[in-house]
Amino acid sequence: MAKSKAALLIIDVQNDFLPGGALAVADGDQVIPVINRVLQVFDNVVLTQDWHPTDHVSFADQHDGKAAFETVTLAYGEQTLWPRHCVQASVGAALADDLQTSQAQVTIRKGYNQRVDSYSAFLEADKKLSTGLTGYLKDRAINHVYLCGLATDFCVAWSALDGIRLGFDVTVIEDATRAIDLDGSLAQAWLMMAQAGVHRTQSSDILGQAI
Ligand code: VGL
Ligand code: ZN
């Protein structure tokens, strides 16, 4: 059997998702030391950044009479509305200072189209527009992606599910993620990931291995 070639995908470890940020994920900062440890066992490391224009369609303040965490129906389906976050080039959109990024080979930015959100690192919410990540990984013969970062139930889960659909082996490193957990979204995300065949692991199971 051909040896699997793996990459670590570090999803959206950005200031706005950390405590004090615009869309803070509870204990979001606690993923940072865990990720800095698991990084050491990967030869291939990819970062992602949520990267929205200032009038992005996912921002609640772009919809009259709507509040954050409500939903609207857009051309591509239901969209949860968020407080404005990760505006391009803002401090909130910057990667966390304490995250060790020197080993990363590429940064994929997503959610930059004004009319389309993109939780997934692979495909935008319309399921058509590509971020280019699939081509990048396939060109480099990478067939297994390990996911960590924020948030478990949105950008991590959507990336994991798309990864499976696109033919990758996918493993989520649970203790290297934290969730938003909106109306049971975390349990729902783990259920969908399990059904799709996403592997769930802990950083302690990875440390010490050569991946
Ligand atoms: C995310 C909500 C909105 C995430 C990004 O990174 O999980 N969640 N934008
Ligand atoms: Zn976003």
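In this predicted model, a backbone N or O atom of Leu150 lies 3.3 Å from an oxygen atom of ligand 1. Cys155 also contributes through its backbone, with an N or O atom 3.1 Å from an oxygen atom of the ligand. From Asp12, by contrast, it is a polar side-chain atom that approaches an oxygen atom of ligand 1, at 2.7 Å. Taken alone, ligand 1 exposes 260 Å², and the protein buries 100% of that area. As for its location, ligand 1 sits in the largest cavity.

Besides Asp12, Leu150 and Cys155, the residues around ligand 1 include Phe17, Leu23, Asp50, Trp82, His85 and Tyr119. Ala151, Phe154 and Ile180 are also among them. Sorted by class, this shell holds 9 nonpolar residues, 1 polar residue and 2 charged residues.

A pair of aromatic rings is described by two quantities, the distance between the centres and the angle between the planes. With centres counted as paired within 6.5 Å, the model has 7 aromatic pairs. One pair joins Phe69 and Trp82: the ring centres are 5.8 Å apart and the planes stand at 90°, so the arrangement is edge-to-face. This pair links distant parts of the chain, its two residues being 13 residues apart. Phe69 belongs to the loop between strand S2 (45–50) and strand S3 (71–74), while Trp82 is found in the loop between strand S4 (77–80) and strand S5 (106–110).

Note on methods. Residues numbered from 1 in each chain as written. Chains lettered and ligands numbered in written order. Predicted model: local features only at pLDDT ≥ 70, side-chain atom pairs only at ≥ 80, totals over all residues. Heavy atoms only, no water. Near = heavy atom within 4 Å. Polar contact = N/O pair within 3.5 Å; in protein donor to acceptor, adjacent residues only side chain to side chain. Areas by Shrake-Rupley, 256 points an atom, 1.4 Å probe, with all protein chains shown as cover. 1 Å grid on protein atoms, 1.4 Å probe; cavity = no way out; pocket = protein on both sides within 12 Å on 5 of 7 lines; lining within 4 Å. Sits in = over half its atoms within 2 Å of the grid points. Nonpolar A, V, L, I, M, F, W, Y, C, P; charged D, E, K, R; others polar. Phe/Tyr/Trp six-rings, centres within 6.5 Å; stacked < 30°, edge-to-face > 60°. Helix = DSSP H or I, 4+ residues; strand = E, 2+ residues; numbered from the N terminus.
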